[in-house]
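Subject: Model for your files

Hello,

Here is the structure I said I would pass on. My notes on it follow below.

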Amino acid sequence: MGPQVQEFDESALIQRAKTGDRVAQGQLYEHYVDAVYRYMLYRTGNHQTAEDLTAEVFSQMLTAIERYEDRGVPFGVWLFRIARARLVDHWRLNKRQQDQVINFSDDVEEFLIGTEAPDLRHEYADLIQALGYLTAAERELILLRFASGMNNQDIAMVVHSNPNAVKSMMYRALRKLRGILSNQEQFYNDVEDDDE
Amino acid sequence: MSTDEFDPAIAEVVSRLEKLGQPALSATARQRIWQKARGQAGAAAVMPVPRSRRTLAFWRVLTGVLVAFILMFAWTVWVAAQSLPGDALYPLARGLETARLALAPAAQRASLELQFLDRRATEIRALVELGRPVPPEIIAEIVGGIEQLVSDPDAWGGEAVVAACMARQEETLALVVARYPEYDTAASALEIVRMAQRNLHTDPLSPTPEEEYPTPPGQGGTPPGQEDKDITPPGQGGTPPGQEDKDTTPPGQGGTPPGQEDKDTTPPGQGGTPPGQEDKDTTPPGQGGTPPGQEDKDTTPPGQGGTPPGQEDKDTTPPGQDGTPPGQEDKDTTPPGQGEDPPPGQGGTPPGQQKKD
């Protein structure tokens with residue numbers, strides 16, 4: 001789950017956070033914020049919106065964590081269910097349909113690419129564009145898996161499905177994405193040939 | 001995240017997708033988001049979590065619409081209940097009545113129908129008071145209802161309930177007839193209702209069937225099962241021509257108990273035929289009774305009863321006085337000048353002996 005750069009006792013942190021321990025709450029935030037933010041960023045296409053929604057998710061985490069009980073639902077899954085609900089609210093309030101193809105704005109590309117080496121700019125741009133051609137459900141699985149680092153079992157719990165169905169759908173989405181990326185490369189090659 | 005678990009054909013795509021997980025928030029951005037989250041959480045802790053404005057607005061609008069709808073429906077029902085025949089909402093009122101009847105338990109339907117019949121009468125009165133025409137369908141409906149009531153009074157709560165209802169209908173129809181004398185429908189309906197009232201034995205001058213049976217023996221009357229065509233003297237009331245008179249004998253003065261033949265109950269030794277002797281005509285010649293060799297067809301003096309001209313004399317005894325039961329030949333043993341059977345205790349055939357006169 002997420003960039004797990006350090007081992008930490010999640011259940012102990014949760015118990016402390018439930019009692020109002022700010023340090024524990026902060027550590028949980030630090031552990032999950034990047035995964036949640038990337039999920040929001042790739043799904044909304046706007047870094048400001050992603051930032052606001054991420055803040056809402058952790059705000060709800062702080063207010064609801066005392067009611068959290070680990071009844072087979074890991075804390076990360078619980079947090080991403082909140083994220084998903086906030087995203088649905090956001091789309092409803094902004095008249096956006098979930099299955100609408102997302103076209104990432106230029107500032108998102110700039111934001112992402114600005115943090116990476118200049119030679120990755122082209123690759124990110126193609127990848128983000130290709131993701132826009134997937135269905136919302138396919139895009140969600142891809143992002144939960146690759147942008148947020150969740151395994152199929154956790155993804156299945158987040159989207160209220162089963163791991164086999166998630167695996168199958170993930171495979172189809174990847175094949176579809178490969179086709180899209182191949183077409184992009186073909187297009188660029190044709191353009192280069194024309195230029196020459 | 002490993003590409004090993006995927007098909008080699010898509011491994012390249014997977015390796016490219018793994019780059020999506022590389023960007024990370026700057027320390028400034030992290031701090032900003034955390035402060036925002038804490039601020040929102042603190043505000044939420046101070047105030048109860050409100051529903052979104054759109055949700056609240058939706059429920060407010062929905063509640064308002066529902067309340068308005070219920071009020072409008074209630075108002076329409078109330079107005080419909082006040083409507084009269086000919087009003088625009090009157091069909092709605094009738095429809096609601098039908099619905100109430102359909103939904104009411106079987107035990108309450110009869111009282112509900114009586115209630116609706118009374119409502120028809122109220123409507124007619126209101127129409128008459130307003131000087132508006134009374135639709136003949138409503139009057140026909142009353143007549144139909146009355147016929148149903150009379151056919152089986154017990155099913156409608158008993159004779160007393162039915163009689164009260166019919167009295168109200170009769171009063172209403174009488175009002176219509178008085179106001180609109182040219183209204184033939186109302187006049188004929190009134191006649192039908194009055195006839196139904198008589199048939200129901202609600203007329204205080206007519207005995208109820210229960211009152212008819214305990215008649216003291218020897219006071220005459222028509223035995224049950226025998227049709228009393230007309231025993232009323234002319235000019236003293238009785239059944240209108242062409243109508244069947246079921247019983248016009250005053251209560252307690254006539255009739256033989258059911259299942260009994262009309263026998264003379266005169267105590268022995270007080271008149272009548274002595275035991276062991278046949279009661280034959282003992283009237284002295286010239287002092288009354290039927291002359292020998294003639295059947296007694298009419299012995300009643302003119303003006304005191306008897307069969308009107310043109311009608312067969314079935315029973316010539318005035319009401320309240322004993323006569324020969326129809327179907328029996330009157331041989332007349334009445335002493336001259338009395339012309340009637342002796343009252344109980346004063347004569348007649350002793351008990352246990354068949355009266356043969």
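Two remarks on conventions. This is a predicted model, in which local features need pLDDT of at least 70 and side-chain atom pairs count only at pLDDT 80 or more, while totals for chains, interfaces and linings use all residues. Residues are numbered from 1 along each chain as its sequence is written, chains are lettered from A and ligands numbered from 1 in the order in which they are written, and side-chain values use heavy atoms, with hydrogens and water left out.

The interface

The side of chain A that touches chain B holds 23 nonpolar, eight polar and 15 charged residues. In that classification Ala, Val, Leu, Ile, Met, Phe, Trp, Tyr, Cys and Pro are nonpolar, Asp, Glu, Lys and Arg are charged, and the others, Gly among them, are polar. In total, 46 residues of chain A are in contact with 30 residues of chain B (contact means heavy atoms within 4.5 Å). The two chains bury about 3600 Å² between them, with 61% of it on carbon and sulfur atoms; buried area is the accessible area (1.4 Å probe) that two parts lose on being put together, summed over both. On the chain A side, Tyr29(A), Glu51(A) and Phe146(A) lose the most area to chain B, together 17% of what that side buries.

Four salt bridges are counted between chain A and chain B, a salt bridge being a side-chain nitrogen of Lys or Arg within 4 Å of a carboxyl oxygen of Asp or Glu. Asp52(A) pairs with Lys36(B) in a salt bridge whose closest N and O atoms are 2.6 Å apart.

Chain A

Chain A has nine helices and zero strands, taken as DSSP runs (helices H or I, at least four residues; strands E, at least two) numbered from the N terminus. Of its 196 residues, 48% are buried, where buried means under 20% relative accessible area, exposed over 50%, and partly exposed in between (1.4 Å probe, protein chains only).

Arg86(A) and Glu56(A) form a salt bridge at 3.7 Å, N to O. Arg86(A) lies in helix 4 (residues 75–93) and Glu56(A) in helix 3 of chain A, so the pair ties together parts that are 30 residues apart in sequence. Arg86(A) is buried at 16% relative accessibility, whereas Glu56(A) is partly exposed at 30%.

Chain B

A network of salt bridges links Arg94(B), Glu97(B), Arg119(B), Arg120(B), Glu123(B) and Glu141(B). Within chain B, Glu141(B) and Arg94(B) form a salt bridge, with the closest N and O atoms 2.4 Å apart. Glu141(B) is in helix 6 (residues 136–151) and Arg94(B) in helix 4 (residues 90–103) of chain B, so this pair ties together parts 47 residues apart in sequence.

Arg119(B) and Glu97(B) also meet in a salt bridge (2.9 Å, N to O). Glu97(B) is buried, at 6% relative accessibility, and Arg119(B) is partly exposed, at 26%.

Over all chains the structure holds 23 salt bridges.

Regards
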